Amino acid sequence: MLLVVDHVSCIYGADTNMPVAALKDINLVIKEGEFIGLIGHTGSGKSTLVQHMNGLIKATDGAIYFHGQDIYDGDFDKKNLRSKVGLVFQYPEHQLFEVDVFSDVCFGPKNLGLPKKEVELRAYKALKQVGILDEYFYQSPFDLSGGQKRRVAIAGVLAMEPEVLILDEPTAGLDPKGRDEILSMIKNLQKEMGITVILVSHSMEDVAEYVDRIVVMNKGEILFNAEPKEVFKHYKQLEEIGLAAPAVTYIMEKCKEAGIPVSTEPTTIYEAKQEILKVLVQRK
Amino acid sequence: MLRDITLGQYYQTESVLHRMDPRVKLAGTLIYMISLFLYKNLTAYILAFLFLLSVIKISKVPFKYMVKGLKTVMVLLFITSIFNIFYTKGEPLFTIWKFVITKEGVANAVYIMIRLSFLIIGSSLMTLTTTPNQLTDGLEKLLGPLKKIKVPVHEVSMMMSIALRFIPILMEETDKIMKAQMARGANFESKKLMEKIKAMVPLLVPLFISAFRRANDLAMAMEARCYQGGEGRTRMKPLVYKKIDYVAYGVLIIYVASVIICGRLIPIHLL
Amino acid sequence: MGIIQTKNLVFEYIRRDEEGNVEGFTRAVDNVNLDIKQGDFIAVLGHNGSGKSTFAKHLNAILYPTEGAVFVDGKNTTKKDNLWDVRRTAGMVFQNPDNQIIGQVVEEDVGFGPENMGVPTKEIWERVEESLKAVGMYEYRKHSPNKLSGGQKQRVSIAGVLAMHPKCIILDEPTAMLDPKGRKEVIRAVRALNQVENITVILITHYMEEVIYADKVVVMDKGRVAMEGTPKEIFSKVDKLKELRLDVPQVTLLAHELKKSGVKLPDGILTTEEFVKELSKVFGNR
């Protein structure tokens, strides 16, 4: 087990008269190489949860284990944890600060105290992984386009060579093509490099195609934790908490209601097409 | 955390103080500050304390909320008064190592502590009960006569109110950038001064960029909504003195008068 | 002539290198001709960097054309005397809700525009009330904007523009920073303004679901108008849209894919209802 979240609760403002429970008794197991979608609307506690995973926020109650070690143990190396559990914040391009792209990506590995050569090697590798061309390496990060800035920021975390990569809304504000590019890049990282990925999002559609497992959060609690197909079956419940299943689920449901004998399983366009064609052929 | 600082923040509730004309509150705060420096004796401070206490009561702002936000400022205050203990000459009380603690020094420190904490609570009370917009209007109106000598009163007060609105947003942003850089291994807790300064770069550069971006956006949004300076503007909430405001001015006069009379005639000293 | 008209609109800006020397010109808007009728709901689509935001800023006299002209309610935006009339007629809502709210109380923010226009106090209050009611934010009038959700903040921004009694509202990617719930709230409010108050709406966006209700869709690419037509016409051309780095609604895409595989469905299906109806027909025919 790579990462285990064990009965974690988090209360903000515990010493005031208005404590807010951001997380309530969360249990979650993350296995090596998994691609997980963490879904919830704004304020559901999903961002708080991922900040627990790399030790930025300390749980009020409960424990977190990384490779079986309690991260709250006195002799646990927190800095090492942050490099092993890489967290890419929302709008990560807002954290760029160096004079050129390459030095910005070097920031992470440099902080780990690695030798200069190793730092630069890692930065180079990370920039290649996110698909930034050599010609941009010595430009100011602020001259890049929105999508490129975001890639550079993601490279900044990748350069620390994390085992788990957590991305908080990595597609926010991007146009459809930019969104697809970033998502397939992330999928590639998971498949080729074997990095465990946790993708935080409020859009089911975005993650449905890519992830192995979906964790749905609402009001600081885990509501569902299963394969996408399993989760989308509860689309009515998802609606109640302000989320929606992929459009395809709705289409299939509506078709079925109208008397077209299709299964409501499909969640992607491709699956839906195959299903409808199959039914049409049977009909003939 | 940073966002806990309540100085300069508005606290939404219904109270007489909230409804009062901002000019009264501005003038009142200024007069109160002056009253704190009129006399250096306990009589004046007791009166000031009672006055402050009743105003807090009227404001309906929970005292806990107010003080919570002042913690950091209070630490600074404490340090200031400690310095006073060491730098005042007079009758020695006792000696620590090379430093001589004098009676006058202790008294001075106590006085300064009282003065400044009353002053801070008093002025935060003003911002807690007055929205920045009202504050701007009040300042603009009070300082109106300065326009004649080409002081850009409206512009300055507008700038102030916008700054106040963006404080919480920028605080949150600071918090976020700090966390993001910590996720990249940045160390903001280093004990060495040089490292500390170096660690600020990854925080400050993005913060400044973001502040400039916001300023740019805001300027555009204001222009799009026909903002063109103070000329020809009307007011949604024009400042008109009501009965309560005159009463408040009356109370202020009585307060100042009693501080002057009691402070002069029946002074109680710490020593 | 419609409420907004652009004639051969061109906007160029100068690129400079690090020493400040001129490197060249970039044409952000290239020869755009549009004529928008009062009461229309126009959606402008385009990927990031297609010039759609730059275009929008011309309609409110925040940017001025390098060549050509923009007329708002018949007034040329380049003329200095027209400036405030133009901004009053064509209000603008921006992307980031935090960076366009000036007041620290909702109602004070909504009153900001009318104050600048010199509207009498009593009328400001009336306008603030009606505007906040129009976007469904009246009960929040005493709240601090910092405590509102993204969708609510954006509705306050819309109310702030509405209080200036514009004939036309331009929304520059108002939903880009919102979650799905906030997006729905904002689009619902915008549609209500268009249908109930007959305000002309120009919605700049890259979310396809938001444009299916528009009267006309304009797709921009490299500063030019690449496509123009009703949502149905536009979404019939799935492949062209993909070329322009854009999506189509999922249901449209599914219909398109099925059609390619030989299922007899019409082009440009936009809603699930439509899709189910048409697919039922296909089934019924057999």
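**Interfaces of chain C with chains A and B**

Glu181(A) and Arg245(C) are joined in a salt bridge, with their closest N and O atoms 3.8 Å apart. This pairing belongs to a predicted model, for which the predictor reports an ipTM of 0.88 and a pTM of 0.84 for the complex. Chain C has an average pLDDT of 91, and 99% of the residues score at least 70.

**Chain A against chain C**

- Between chain A and chain C the count is 4 salt bridges, and there are also 6 residue pairs in polar contact, both residues being at pLDDT 80 or more.
- Asp175(A), Ile269(A) and Leu280(A) together supply 20% of the area that chain A buries against chain C, which is more than any other three residues supply.

**Chain B against chain C**

- Here 32 residues of chain B are in contact with 39 residues of chain C, and the two chains bury about 3,300 Å² between them, 53% of it on carbon and sulfur atoms.
- Within chain B, the residues that lose the most area to chain C are Arg165(B), Arg225(B) and Met236(B), which together account for 29% of what that side buries.
- The interface of chain B and chain C holds 5 salt bridges; Arg225(B) also meets Asp109(C) through their side chains in a salt bridge, at 3.6 Å from N to O.
- Polar contacts between chain B and chain C number 19 residue pairs, with both residues at pLDDT 80 or more.
- Two or more residues of the side of chain B that touches chain C come from each of α7 (132–142), α8 (153–183) and α9 (193–224) of chain B, with α9(B) giving the largest share, 8 residues.
- The residues on this side of chain B divide into 16 nonpolar, 8 polar and 8 charged.

**Domains of chain B**

- The domain assignment divides chain B into domain 1 (1–130 + 241–271) and domain 2 (152–239), and the C-alpha centres of these domains lie 29 Å apart.

Note on methods. Residues numbered from 1 in each chain as written. Chains lettered and ligands numbered in written order. Heavy atoms only, no water. Contact = heavy atoms within 4.5 Å. Buried area = accessible area lost by both parts, 1.4 Å probe. Polar contact = N/O pair within 3.5 Å; in protein donor to acceptor, adjacent residues only side chain to side chain. Helix = DSSP H or I, 4+ residues; strand = E, 2+ residues; numbered from the N terminus. Nonpolar A, V, L, I, M, F, W, Y, C, P; charged D, E, K, R; others polar. pLDDT = per-residue confidence, 0-100. Domains from an automatic or database assignment.
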